[in-house]
Amino acid sequence: MWQTTMVKIVRHLVDDVAETTYDDGRLEETVAVSAQLLLNEIDFEQTYTINLDTISISPDPTTSNAMDESFITIVSLKAACILVSSELKSNSLTALRVVDGPSTIDNREVIAGLKIIQADICGRLEHSIMQYKAGISPAGQAILSPYSPGSDTVRRIDLDGRTGYFE
């Protein structure tokens, strides 16, 4: 049932909750394409098979016994980033300013708004990918893990020769 869950998430990300802009088929295809693109970038814990001919993802990442929250989130953000980028491109081709005497028609501000939305969604995607690749752990945890010697205190020496500890 990934189609239901992930399509609903993408609809909320691109603000199409009323289902007026995109049909389910296009969103399902965009989710599948996003998953395929991400398989080359991220090594997910689960091995997924994406079939773009039949628009399928297997195993289903949304099943209750094997819910893969990271896969769902990252793929949904990627799909939303693709859709918003597509909207930005389409609207960029029609952005214009018409001045006729005292009247002005300017729809270039739509592009500025879409750029902000695209930067937000695609930025969240990059942040999520970075968190996933880092193991969703604080920076430096791999170096100073709870099991490495000296992780509870770090000894420092000042340039003046004074020593001390950070905890």
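Q: Which cysteine does Cys81 join to in a disulfide?
A: Cys81 is joined to Cys122, with an S to S distance of 1.9 Å. A disulfide here is a pair of cysteine sulfur atoms within 2.5 Å. Keep in mind that this is a predicted model: local features need pLDDT of at least 70, side-chain atom pairs count only at pLDDT 80 or more, and totals for chains, interfaces and linings use all residues. Residues are numbered from 1 along each chain as its sequence is written, and side-chain values use heavy atoms, with hydrogens and water left out.

Q: How many disulfides does the structure hold?
A: One. The link of Cys81 and Cys122 is right-handed, with 95 degrees about the S-S bond.

Q: Where in the chain are Cys81 and Cys122?
A: In distant parts, 41 residues apart: Cys81 is in helix α3 (residues 69-92) and Cys122 is in helix α4 (residues 108-133). Helices (H or I, at least four residues) are DSSP runs, numbered from the N terminus.

Q: And are Cys81 and Cys122 buried or exposed?
A: Both Cys81 and Cys122 are buried. Buried means under 20% relative accessible area, exposed means over 50%, and partly exposed is in between, using a 1.4 Å probe and protein chains only.

Q: OK, switching to charges. How many salt bridges turn up in the whole structure?
A: Three. The rule for a salt bridge is a side-chain nitrogen of Lys or Arg within 4 Å of a carboxyl oxygen of Asp or Glu.

Q: What about Arg11, which side chain does it meet in a salt bridge?
A: Asp16 is one, at 2.6 Å from N to O, and both Arg11 and Asp16 are buried. Arg11 also has a salt bridge with Asp24, again 2.6 Å from N to O.

Q: How accessible is Asp24?
A: Asp24 is partly exposed, with a relative accessible area of 36%. For Arg11 the value is 4%.

Q: Which residue forms a salt bridge with Asp120?
A: Arg124, with the closest N and O atoms 2.8 Å apart. The two are about one helical turn apart, because Asp120 and Arg124 sit four residues apart in helix α4. Asp120 is partly exposed at 40% relative accessibility, and Arg124 is partly exposed too, at 38%.

Q: Which residues do shared partners join into one network?
A: Arg11, Asp16 and Asp24, through their salt bridges.
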